Protein chains: 2
Amino acid sequence: MFTIGKASEQSGVNIETIRYYEREGIVPKPERSAGGRRLYSTDGIAKLRFVRRCRDLGFPISIIQTFLSLTERDDRSCGEVKRLAEDHLDEINAKIENLSRLREALLNLSANCDDGTAACPMLDALMNDGFGAGAFDRSNI
Amino acid sequence: MFTIGKASEQSGVNIETIRYYEREGIVPKPERSAGGRRLYSTDGIAKLRFVRRCRDLGFPISIIQTFLSLTERDDRSCGEVKRLAEDHLDEINAKIENLSRLREALLNLSANCDDGTAACPMLDALMNDGFGAGAFDRSNI
DNA sequence: TTTACTTCCTGTAGTCGCTACAGGAGCAAG
DNA sequence: CTTGCTCCTGTAGCGACTACAGGAAGTAAA
């Protein structure tokens, strides 16, 4: 059994984050030592690592909870996982596309922005005309 | 002079967000009517629109405040704006690159994830091996 | 004038996924 | 026994909003 510091090292999850996951019911409560310290089994650490990897892939906690409940069941229904992964891929693609459009807009705006000290055409455009296209999806930024 | 509802319509900034911007000192406090309602000039609305456009471009509020203080001065120092815009472009490019790597990782993981009902190779990989490369930058997700 | 309806006001709390304390207790080495 | 590390709980903060509750002001019709 491992203390929270070791569990953090081995899973790559910050100590404060581990306690946060426990508070929120994302991972099960670990055992405690006589002195009241958290004690993690290798299985508990594996769960933490799993959560970190899913977070690294950009999955929100709610989806990760679904994944965790699927791994608990014996028939890990792969169709469900595939569907969730594909939805997530769609979101990632949308974000990439949105950021690319943003990039183009910003490039156009700053193109005429030379290093002189005169009035800035970029700020002018933003104050007056805007930049052509409407709003982007802010959630990607 | 316009009430907050009209100012919201014309600037594209949510009413609650306008009040939030005022509380945080991002835009100046507007005049008030006898009954205590906010009254916006066209200039005040232009500032709100400017903030929205900058937010749409992904600039954080702190940078937008710098922009606003630059537009107040007569010599709108374009060099400063250009530098901030280029830094922001770098960030956008980094986000696009990171999301692309994420996309590849997720594609690889879900590739073997067929629609059968057997144990899911994606969940297996995340529980055991992981997905090869280390952590991504989470701030992009 | 009364009534109904809409818009507005302030103040506070919630969102997401952490992160950073404060103030104290447990524990191991010297 | 003291030093120094790790751990504990509880709470507040981040960024940029968003969503109420509970009430006041304004407008238009009956």
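Two residues are in contact if their C-beta atoms, placed from the backbone, lie within 7 Å. The structure is a predicted model, in which local features need pLDDT of at least 70 and side-chain atom pairs count only at pLDDT 80 or more, while totals for chains, interfaces and linings use all residues. Residues are numbered from 1 along each chain as its sequence is written, and chains are lettered from A and ligands numbered from 1 in the order in which they are written. Helices (H or I, at least four residues) and strands (E, at least two) are DSSP runs, numbered from the N terminus.

**Packing of α4 and α5 in chain B**

- In chain B, I63(B), T66(B), F67(B) and L70(B) of α4(B) are in contact with E80(B), V81(B) and L84(B) of α5(B).
- This contact of α4(B) with α5(B) comprises five nonpolar residues, one polar and one charged; Ala, Val, Leu, Ile, Met, Phe, Trp, Tyr, Cys and Pro count as nonpolar, Asp, Glu, Lys and Arg as charged, and the others, Gly among them, as polar.
- The packing angle between α4(B) and helix α5 (residues 78–111) of chain B is about 165°, and their axes are 11 Å apart; axes are lines fitted to C-alpha atoms, for helices over the stretch in contact, and angles run from 0 to 180 degrees between N-to-C directions.
- That angle makes α4(B) and α5(B) roughly antiparallel, given that angles under 35 degrees count as roughly parallel, over 145 as roughly antiparallel, 65 to 115 as roughly perpendicular and the rest as oblique.
- The crossing of α4(B) past α5(B) is left-handed, a term that applies if the near helix is turned anticlockwise from the far one by less than a right angle, with right-handed used if clockwise.

- Chain A contains six helices and two strands, and its pattern along the sequence is α-α-β-β-α-α-α-α.
- Of the 141 residues in chain A, 30% are buried; a residue is buried if 20 or more other C-beta atoms lie within 10 Å of its own, exposed if 12 or fewer, and partly exposed in between, with C-beta atoms placed from the backbone.
- Among the contacts in chain A with a separation of 6 or more, 51% join residues 24 or more positions apart.
- Helix α4 (residues 61–72) and helix α5 (residues 78–111) of chain A pack at about 165°, their axes being 11 Å apart.
- The helices α4(A) and α5(A) are therefore roughly antiparallel to each other, and α4(A) passes α5(A) in a left-handed crossing.
- The contact involves I63(A), T66(A), F67(A) and L70(A) on α4(A), and E80(A), V81(A) and L84(A) on α5(A).
- By class, these contact residues of α4(A) and α5(A) are five nonpolar, one polar and one charged.

**Surfaces near the DNA strands**

- DNA strand D is surrounded by 21 residues, of which T3(A), G5(A), R38(A), G35(B) and P60(B) are the closest; a residue is near a molecule or strand if its C-beta atom, placed from the backbone, lies within 6 Å of it.
- Two or more residues of the surface near DNA strand D come from each of α1 (4–11) and α2 (15–23) of chain A, and α2 (15–23) and α4 (61–72) of chain B.
- The largest share of that surface near DNA strand D, three residues, belongs to α2(B).
- The surface near DNA strand D divides into six nonpolar, nine polar and six charged residues.
- Around DNA strand C there are 18 residues, and G35(A), P60(A), T3(B), G5(B) and R38(B) come nearest.
- At least two residues of the surface near DNA strand C are supplied by each of α2 of chain A, and α1 (4–11) and α2 of chain B.
- Three residues from α2(A) form the largest share of the surface near DNA strand C, whose classes are six nonpolar, seven polar and five charged.

**Individual residues**

- F59(B) lies in the loop between α3 (42–56) and α4 of chain B and counts as buried because it has 22 C-beta neighbours inside 10 Å.
- Beyond its neighbours within four places in sequence, F59(B) is in contact with C54(B), I64(B) and H88(B).
- L123(A), in helix α6 (residues 121–127) of chain A, is buried because 21 other C-beta atoms lie within 10 Å.
- K82(A) belongs to helix α5 of chain A and counts as partly exposed, with 19 C-beta neighbours inside 10 Å.
- N112(B) sits in the loop between α5 and α6 (121–127) of chain B and is partly exposed, with 13 C-beta neighbours inside 10 Å.
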